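Okay, I've got a few minutes, so let's walk through one model together.

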Amino acid sequence: MQTDTHDVLIVIDVQNDFCPGGALAVTDGDAVIDVILRIAPRFEHVILTQDWHPANHTSFASSHAGKKPYDQIELSYGPQTLWPNHCVQGTKGAEFHPALGLPAAELVLRKGLDARIDSYSAFFENDRRTPTGLAGYLEERGLTRVFLAGLAYDYCVGYSALDARRLGLAAFVVRDGCRAIHLGGSVTRMEVEFERAGVQVIESAAFSC
Ligand code: VGL
Ligand code: ZN
């Protein structure tokens with residue numbers, strides 16, 4: 001896999017709360033860091049996303065009386081899985097993992113700021129319509145192929161890849177640079193969607209580095 005000036009590596013949500021010891025820890029979540037640091041030098045363009053919720057966010061079980069984490073509820077924009085409080089703005093848990101040293105990243109995109117709506121994708125909130133601005137940024141910068149890694153494979157990485165395809169971008173998910181939450185068949189469900197949308201799943205070895 002050769003990269004060129006139209007390619008961008010989007011590193012999704014490598015934050016303390018998604019790593020071991022965090023509020024919404026993904027098994028082995030911090031293992032993505034070595035892979036990401038190994039492939040990042042292949043890219044002229046690197047973007048980081050940061051889940052960045054207010055303390056009363058609607059995706060938190062604690063915002064809904066009688067609900068607990070991983071319950072499903074119906075919101076105005078569709079079904080929403082409820083999570084433990086995580087990535088609250090300004091907290092340690094919301095900070096990038098300290099080993100994720102990517103000082104050359106050109107953009108840090110924060111998402112999930114609106115208390116009323118969740119945002120898995122880096123491109124759109126969970127209504128699948130409200131844009132984050134990332135599509136405009138990529139377009140203006142001439143970035144047409146996105147490579148995704150980070151956390152979690154079956155949520156924020158997955159939805160970002162699907163939306164990239166919806167926007168007409170080529171989308172590659174670097175599988176060993178991701179770890180999944182695994183919630184009731186979420187990985188299989190996402191991979192069916194990848195297939196349908198034309199998201200390509202590759203391994204970091206494809207960069208031969
Ligand atoms: C994520 C659940 C809630 C993710 C973020 O980064 O995949 N998952 N918020
Ligand atoms: Zn979140």
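So, searching the whole structure turns up eleven salt bridges, where a salt bridge is a side-chain nitrogen of Lys or Arg within 4 Å of a carboxyl oxygen of Asp or Glu. Quick housekeeping: this is a predicted model, so local features need pLDDT of at least 70 and side-chain atom pairs count only at pLDDT 80 or more, while totals for chains, interfaces and linings use all residues. Residues are numbered from 1 along each chain as its sequence is written, chains are lettered from A and ligands numbered from 1 in the order written, and side-chain values use heavy atoms, with hydrogens and water left out.

Here's a pair I like: Asp-51 with Lys-111, closest N and O atoms 3.0 Å apart. Asp-51 sits in strand 2 (residues 46–51) and Lys-111 in strand 5 (residues 107–111), so this bridge ties together parts 60 residues apart in sequence. Helices (H or I, at least four residues) and strands (E, at least two) are DSSP runs, by the way, numbered from the N terminus.

Are those two buried or exposed? Asp-51 is buried at 3% relative accessible area, and Lys-111 is buried too, at 1%. Buried means under 20%, exposed over 50%, and partly exposed in between, with a 1.4 Å probe and protein chains only.

Now look at Asp-114 and Arg-116, whose side chains meet in a salt bridge at 3.1 Å, N to O. Asp-114 is partly exposed at 25%, and Arg-116 is exposed at 66%.

On to the greasy part. The largest nonpolar core has 61 residues, and Ile-10, Val-11, Leu-138, Val-146 and Val-173 touch the most other members. By core I mean a set of buried Ala, Val, Leu, Ile, Met, Phe, Trp, Tyr and Cys residues joined through side-chain atoms within 4.5 Å. Elements giving it two or more residues include strand 1 (7–12), helix 1 (32–39) and strand 7 (170–179). Helix 3 supplies the largest share, seven residues. In soluble globular proteins, nonpolar side chains tend to be buried together.

What does Ile-10 contact, leaving aside neighbours within four places in sequence? Among its partners are Ile-47, Phe-123, Leu-134 and Val-146, with contact meaning heavy atoms within 4.5 Å. Apart from this core lies another of six residues, including Ile-73 and Tyr-77.

Everything here is on a 1 Å grid over the protein atoms alone: a cavity is a set of points where a 1.4 Å probe fits but cannot get out, a pocket is an open set with protein on both sides within 12 Å along at least five of seven lines, and lining residues have an atom within 4 Å of a point. Points are joined across faces, edges and corners, and volume is the space filled by probe spheres set on them.

The largest pocket holds about 500 Å³. It has 23 lining residues, with Pro-79, Thr-81, Tyr-120, Tyr-155 and Tyr-159 nearest its centre. Helix 3 gives the most to that lining, five residues.

The count of cavities of 30 Å³ or more is one, and the largest cavity has about 100 Å³ of space. Of its 16 lining residues, Phe-18, Asp-51, His-86, Tyr-120 and Cys-156 are closest to the centre.
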